[in-house]
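Please read this report alongside the chain shown below.

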Amino acid sequence: MKILVLGSGAGGGFPQWNCQCRQCAAFRSGRIAAPPRTQSSVAVSADGLSWVLVNASPDISQQIRDNPALHPRGGPRDTPIKAVVLTDSQLENVAGLLSLRESAGLEVYTTPIVFEDLTADLPLLGVLESYCAVRWHMLPVAGAARGAEFEIAGFADLAFCAVAVPGATPPHARQRGEVVGGSIALQIEDRRNGQRFFYSPALAAVGEPELEWLRGADCVMVDGTFWHEHELSEAGLSPLTASQLGHLPQRGHDGRAGMLDVLSKVAAPRKILTAVNNSNPILDEQGSQRRALAAHGIEVAHDGMVIEL
Ligand SMILES: [Zn+2]
């Protein structure tokens with residue numbers, strides 16, 4: 001299977017339009033070795049021709065423009081994007097749906113709680129239906145059902161599985177806090193060679209169930225939002241901590257393991273961080289934090305990265 005990283009930044013991307021943190025400022029004055037990043041999203045394909053989009057970032061139009069694999073090829077109106085799977089209803093993962101309104105029809109895969117949110121508190125799907133056909137496919141992850149295998153028409157070589165992961169519902173959602181199905185990770189297995197990709201761009205914590213999924217993958221691409229718990233407050237950007245925003249930072253704190261500790265227990269040949277916030281020092285390719293990642297065998301995703309499994 002092919003995985004195309006469309007965006008590797010967190011909400012706001014890098015540099016963020018209104019941010020003057022050390023790194024965003026350094027980017028604008030050319031003083032940092034760090035490529036720009038759009039907001040996180042990947043596209044997955046079995047044949048390189050038809051693609052499943054995982055999340056629709058607000059940067060989707062630019063991401064499609066930047067990736068020829070996603071350009072139209074057939075009739076006067078065409079797209080190789082055949083389906084969209086949403087891992088939650090955070091704005092940075094769903095707002096791009098509105099930019100797909102010219103579509104002939106959208107096949108959208110979400111859990112019930114995300115569907116509810118996108119038809120009530122943030123009614124994107126209802127709005128879109130005024131422009132194009134929207135077909136909802138339910139991923140039955142809710143209540144006691146923490147995982148669901150599913151198929152996507154036209155992708156017979158790929159086996160999909162949605163898994164509930166710890167995470168907070170978005171600020172606009174009526175149901176706040178932790179809800180099963182509010183945030184999911186995806187495991188995608190190529191049936192031809194058994195290779196497994198595990199994608200979880202937002203991961204608030206890693207317990208035994210999550211660790212098992214990570215250990216079962218050949219390539220893991222996980223939450224790389226923050227380097228440490230108090231990163232935002234120390235930079236004067238926000239009083240909120242990484243935990244309060246639903247992200248496990250790379251560095252451990254207060255006796256709690258960080259993502260680096262977690263990934264050291266995972267033997268996958270590829271371990272990749274994505275959805276990196278503009279405040280995170282791992283953006284600096286020449287920084288000490290980046291060297292620490294390399295020493296742990298951990299990569300950082302970049303826009304346009306291609307992975308073949
Ligand atoms: Zn910044």
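## Terms and basis

Two strands are said to pair if DSSP finds at least two bridges between them, and the elements themselves are DSSP runs numbered from the N terminus, with helices being H or I runs of at least four residues and strands being E runs of at least two. This is a predicted model, in which local features need pLDDT of at least 70 and side-chain atom pairs count only at pLDDT 80 or more, while totals for chains, interfaces and linings use all residues. Residues are numbered from 1 along each chain as its sequence is written.

## Overall build

The protein chain contains nine helices and 14 strands. Its radius of gyration, taken over C-alpha atoms, is 18 Å, close to the 19 Å that the globule rule (2.2 Å times the number of residues to the power 0.38) gives for 309 residues, so the chain is as compact as a globular protein of that length. Along the principal axes, the C-alpha atoms fill a box of roughly 50 × 40 × 40 Å.

A residue is called buried if 20 or more other C-beta atoms lie within 10 Å of its own, exposed if 12 or fewer do, and partly exposed in between, with C-beta atoms placed from the backbone. By this criterion 48% of the 309 residues are buried. Two residues are in contact if their C-beta atoms, placed from the backbone, lie within 7 Å, and among the contacts with a separation of 6 or more, 66% come from residues 24 or more positions apart.

## The seven-stranded sheet

An open sheet of seven strands runs in the order β7-β8-β9-β10-β11-β12-β13, with mixed pairing. Its edge strands are β7 (147-150) and β13 (298-300), each of which pairs on one side only. Strands of a sheet pair through backbone hydrogen bonds, either parallel or antiparallel.

Within this sheet, β8 and β9 are antiparallel and share seven bridges, with Leu-186 in β9 as the bridge partner of Ala-162. The pairing of β9 with β10 is also in the antiparallel sense, over four bridges, and here Ile-188 is partnered by Phe-197 in β10. These two strands form a hairpin with five residues between them, and Gly-194 in the turn has a positive phi of about 75°. In contrast, β10 and β11 run parallel and are joined by four bridges, among which Phe-198 has Val-220 of β11 as its partner. Strand β9 is mostly covered, since six of its seven residues are buried.

## The nonpolar core

A nonpolar core is a set of buried Ala, Val, Leu, Ile, Met, Phe, Trp, Tyr and Cys residues joined through C-beta atoms within 7 Å. The largest one has 86 residues, and the members that touch the most others are Val-42, Ala-43, Val-44, Val-52, Val-84, Ile-184 and Leu-186. Strand β8 (residues 158-164) supplies the largest share of this core, five residues. Leaving aside residues up to four places away in sequence, Leu-186 touches Val-54, Val-85, Thr-87, Phe-160, Ala-162 and Tyr-199.

## Helix α6

In helix α6 (residues 208-215), the buried residues include Glu-210, Trp-213 and Leu-214. They cover an arc of only 100° around the axis (the arc of the directions from the helix axis to the C-beta atoms), which puts them on the same side of α6. Glu-208 and Glu-212, on the other side of α6, are exposed. The cover over the buried residues includes β8, β9 (184-190), β10 (196-200) and β11 (219-223).

Most residues other than glycine have a negative phi, and most peptide bonds are trans. A cis peptide bond, with omega of about -10°, joins Phe-14 and Pro-15, and Pro-15 is found in the loop between β1 (2-7) and α1. Both Phe-14 and Pro-15 are touched by Phe-27, as are Ile-32 and Ala-34, not counting residues up to four places away in sequence. Phe-27 belongs to helix α1 (residues 22-28) and counts as buried, with 23 C-beta neighbours inside 10 Å.

Asn-55 is not a glycine, yet has a positive phi of about 80°; Asn-55 is found in the loop between β3 (51-54) and α2 (60-66) and counts as buried, with 28 C-beta neighbours inside 10 Å. Asp-254, also not a glycine, has a positive phi of about 45° and lies in the loop between α7 (231-234) and α8 (259-263). Asp-254 is exposed, with 6 other C-beta atoms within 10 Å.
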